[in-house]
Amino acid sequence: MSHFRCIAKHPTISLVESSCTSLRQINQVHTQLLITGLLDDPFLHAQFVASIALKHPNLLDYSTRALDQNPNPTVFAFNSLIRANSKSPNPQKSFQLYNKLLKSGHNPYPDNYTFTFLVRTCAQLLDCEASRAVHACVMKRGFETDPHVQSGLIYMYAEMGLLGCARKVFDEIPLPDLVTLTAMVTACAKSGHVGFARGLFDSMPEKDPVAWNAMISGYAQCGQSREALDMFNLMQMEGVRINEVTLVSVLSACSHLGALDQGRWAHAYIGRKKITVTVTLGTALIDMYAKCGDVNKAMEVFWGMREKNVYTWSSAMGGLAMNGLGHECLELFALMKQERVLPNEVTFVSILRGCSVAGLVEEGRMHFYSMRKEFGLEPIFEHYGCMVDLYGRVGRLNEALDFINKMPVKPHAGAWGALLNACRIHKNTKLGELASRKIVELESKNHGAYVLLSNIYADSKNWDRVSNVRQTMKAKGVRKLPGCSIIEVNGEVHEFVVGDKSHPRYGEIEAKLEEISKRLKSSGYVANTFPVLFDLEEEEKEDALCQHSERIAIAFGLISLKEGVPIRIVKNLRVCWDCHAVTAIISDIYNREIIVRDRNRFHHYKDGACSCKGAFSYSLFIYPLLPSIYYLGMGEPLRMIDIVQKAAGIMVHEQGSVLVLPRLLFQPVDSSPR
């Protein structure tokens with residue numbers, strides 16, 4: 001009977017249930033309950049306290065005072081307040097209420113719900129000491145076998161990264177139920193132990209949407225995006241209900257893979273099922289479209305959202321910067337300030353990247369120093385790395401080094417890495433050696449530092465030092481990360497690793513690569529073999545370049561996609577100089593739009609031109625005179641034939657077969673293929 005009375009609320013108390021009820025109206029209800037004496041009933045009093053605490057979380061102090069008005073509050077009243085406080089900005093108040101419960105004169109003993117909510121409080125606070133104390137109380141009170149408490153403990157330890165403790169709790173359960181199994185799957189997936197999580201998941205006799213979502217999210221978070229999408233497809237086949245949590249994880253996986261078709265399908269599904277586009281879901285859509293290279297669609301989603309938070313604005317700005325639209329990124333930031341949305345640390349990472357791709361050093365400096373001065377935000381490692389990159393891209397290497405030396409915190413590998421990359425671009429061997437040495441001191445297994453330094457030596461044909469770097473890598477057990485490119489065709493993701501010939505259609509791919517090579521040579525193309533680190537003959541180097549993973553993916557796209565369909569590729573490493581130039585030429589020869597996202601940014605190739613303007617400046621490379629597309633530091637793509645025909649008054653002459661342009665005319669705006 002008592003349980004029924006806790007569920008079936010008194011009509012007067014039900015008036016408090018509406019979130020639209022004002023404080024004044026709650027006061028009126030409270031007065032009426034006092035006058036009629038209804039609050040003398042401990043169960044009705046508990047209902048009133050619970051209604052305020054759970055339906056009006058901003059009135060927790062009021063509900064606490066209401067609790068204190070009754071000399072004999074029930075454990076249900078205490079539990080309701082502990083539960084509400086566990087979700088509040090000050091969850092530690094749950095412990096005060098627990099102590100008050102223990103000291104209560106009539107001894108309403110804590111029950112399993114009490115500890116379920118206290119465990120949630122510990123997970124919210126990430127307090128290891130409090131967690132151990134609560135776990136001890138659970139055992140002392142004899143609730144260690146309660147499935148809700150057990151699943152709460154597993155979740156609590158997982159939130160704190162103590163997966164071993166979570167496993168210990170789980171292993172002590174003789175027959176874990178669905179709730180406990182789901183909690184353990186979630187804990188392992190969230191902690192990156194997706195293999196163990198998948199084993200548990202597969203052994204579950206029945207699976208609820210929480211378990212499915214945990215697996216998809218776990219795969220997505222640890223970079224196994226293909227497995228996340230496979231799990232999502234299986235989820236649909238099983239007829240499991242798909243919700244917002246599912247779709248956010250799926251969109252994250254699509255973002256990582258550049259799987260635009262599947263991302264579009266997820267967006268269409270949202271529309272078909274009339275799923276509300278919340279701030280979280282809308283932000284995930286923006287991120288997906290931006291990272292798949294469809295920045296127009298990303299901004300269409302952005303402008304269509306009724307509600308936006310700081311992460312929505314930051315995601316849109318980051319997408320613009322990633323796609324080379326630095327000026328547009330800064331314009332959006334100006335609009336964000338007009339809308340009085342306060343920026344956070346993520347916002348400024350996007351802003352500084354926007355300044356970097358646009359070559360706006362002074363504006364970047366201004367925004368960096370405004371973080372602390374105007375917004376009270378302390379710069380973090382990412383901001384310092386962005387500033388070093390900003391100086392380095394435009395060749396101001398000494399200023400970049402000075403900035404690193406003046407950092408108020410110990411310079412991290414990211415800052416030195418940005419400087420090392422700039423040294424590679426601007427051929428500063430001495431400074432590059434310093435940056436590489438600093439990175440290795442911080443991260444002895446950082447393969448990127450060795451590779452970039454080796455590239456610097458290879459550019460100057462110093463093969464002895466290239467060999468020394470490679471020997472050092474071998475001695476220290478450092479392996480270069482193999483190049484990998486991903487392309488989506490008809491909703492299916494295909495992965496190509498440099499030199500890998502295992503694809504079922506590799507025979508056709510190889511034939512297309514040979515055709516591409518012939519058409520490049522017939523147009524007069526000469527390979528830039530600087531990216532090849534080995535002291536090989538030129539012909540062998542050209543063969544090595546042809547096996548780069550993005551070229552294999554492009555060849556597969558040409559034989560698999562219909563004419564007019566853009567070829568979209570995601571690569572795990574930076575695009576090398578030669579592949580950058582070749583891709584532009586291929587886009588011209590085959591009249592195809594090619595979009596490549598490397599580890600730094602997008603390259604949109606169309607009609608032989610690339611969006612990363614000025615990628616090949618005169619100060620870096622001089623290419624043979626060809627009627628193809630090349631990149632000189634004027635900030636825009638130019639055809640050589642157009643230069644010859646239109647550059648009236650400009651001294652242009654040939655040295656052998658190489659066209660030389662006056663250096664002062666072509667100042668490098670941004671001299672790296674980001």
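**Entry 1: Gln 262**

A residue counts as buried when its relative accessible area is under 20%. I began with that cut-off because Gln 262 has a relative accessible area of 15%, and is therefore buried. A reminder to myself: this is a predicted model.

I then looked up where Gln 262 sits, and found it in helix α17, which covers residues 260–272. What does Gln 262 touch, leaving aside residues up to four places away in sequence? I noted Leu 229, Cys 254, Glu 488, Gly 491 and Val 493. I also checked Val 250, which is twelve residues from Gln 262 in sequence. From C-alpha to C-alpha, Gln 262 and Val 250 are 8.8 Å apart in space.

**Entry 2: the whole protein**

Next I stepped back for an overview. I find 34 helices and ten strands in the protein. Its chain has 674 residues, and 51% of them count as buried. I also looked at contacts between residues at least 6 apart in sequence, and 63% of these join residues at least 24 apart.

**Entry 3: Ser 131**

Ser 131 belongs to helix α9, residues 128–141. With residues up to four places away in sequence not counted, I see Ser 131 touching Cys 122, Met 156, Tyr 157 and Met 160.

**Entry 4: helices α12 and α13**

Here I looked at two helices that pack together: α12, residues 178–190, and α13, residues 194–203. Their axes are 7 Å apart, and the angle is about 160 degrees. Angles over 145 degrees count as roughly antiparallel, so I describe α12 and α13 as roughly antiparallel to each other. I noted the crossing of α12 and α13 as left-handed.

Which residues make the contact? On the α12 side I listed Leu 181, Met 184, Val 185, Cys 188 and Ala 189. From α13 come Val 194, Phe 196, Ala 197, Leu 200 and Phe 201. Sorted by class, the contact of α12 with α13 has ten nonpolar residues, with no polar and no charged ones.

**Entry 5: aromatic pairs**

How many aromatic pairs does the structure hold? I have 15 in my notes, and I followed up two of them in detail.

One is formed by Phe 333 and Phe 348, and it is edge-to-face. Centre to centre I read 5.9 Å, with 65 degrees between the planes. This pair links distant parts of the chain, with Phe 333 in helix α21 (residues 326–338) and Phe 348 in helix α22 (residues 345–358), 15 residues apart. I checked burial too: Phe 333 counts as buried at 2% relative accessibility, and Phe 348 is buried with a relative accessible area of 0%.

I turned next to Phe 496 and Phe 556, whose ring centres are 5.4 Å apart. Their planes are at 55 degrees, so I call the pair tilted. Phe 496 lies in strand β2 (residues 492–497) and Phe 556 in helix α32 (residues 549–560). These two are 60 residues apart, so I noted another link between distant parts of the chain. Phe 496 counts as buried at 3% relative accessibility, and so does Phe 556 at 2%.

How values were computed: Residues are numbered from 1 along each chain as its sequence is written. This is a predicted model: local features need pLDDT of at least 70, side-chain atom pairs count only at pLDDT 80 or more; totals for chains, interfaces and linings use all residues. Side-chain values use heavy atoms; hydrogens and water are left out. Axes are lines fitted to C-alpha atoms, for helices over the stretch in contact, and angles run from 0 to 180 degrees between N-to-C directions. Helices (H or I, at least four residues) and strands (E, at least two) are DSSP runs, numbered from the N terminus. Angles under 35 degrees count as roughly parallel, over 145 as roughly antiparallel, 65 to 115 as roughly perpendicular and the rest as oblique. A crossing is left-handed if the near helix is turned anticlockwise from the far one by less than a right angle, and right-handed if clockwise. Contact means heavy atoms within 4.5 Å. Ala, Val, Leu, Ile, Met, Phe, Trp, Tyr, Cys and Pro count as nonpolar, Asp, Glu, Lys and Arg as charged, and the others, Gly among them, as polar. Rings of Phe, Tyr and Trp (its six-membered ring) pair if their centres lie within 6.5 Å; planes under 30 degrees apart count as stacked, over 60 as edge-to-face and the rest as tilted. Buried means under 20% relative accessible area, exposed over 50%, partly exposed in between (1.4 Å probe, protein chains only).
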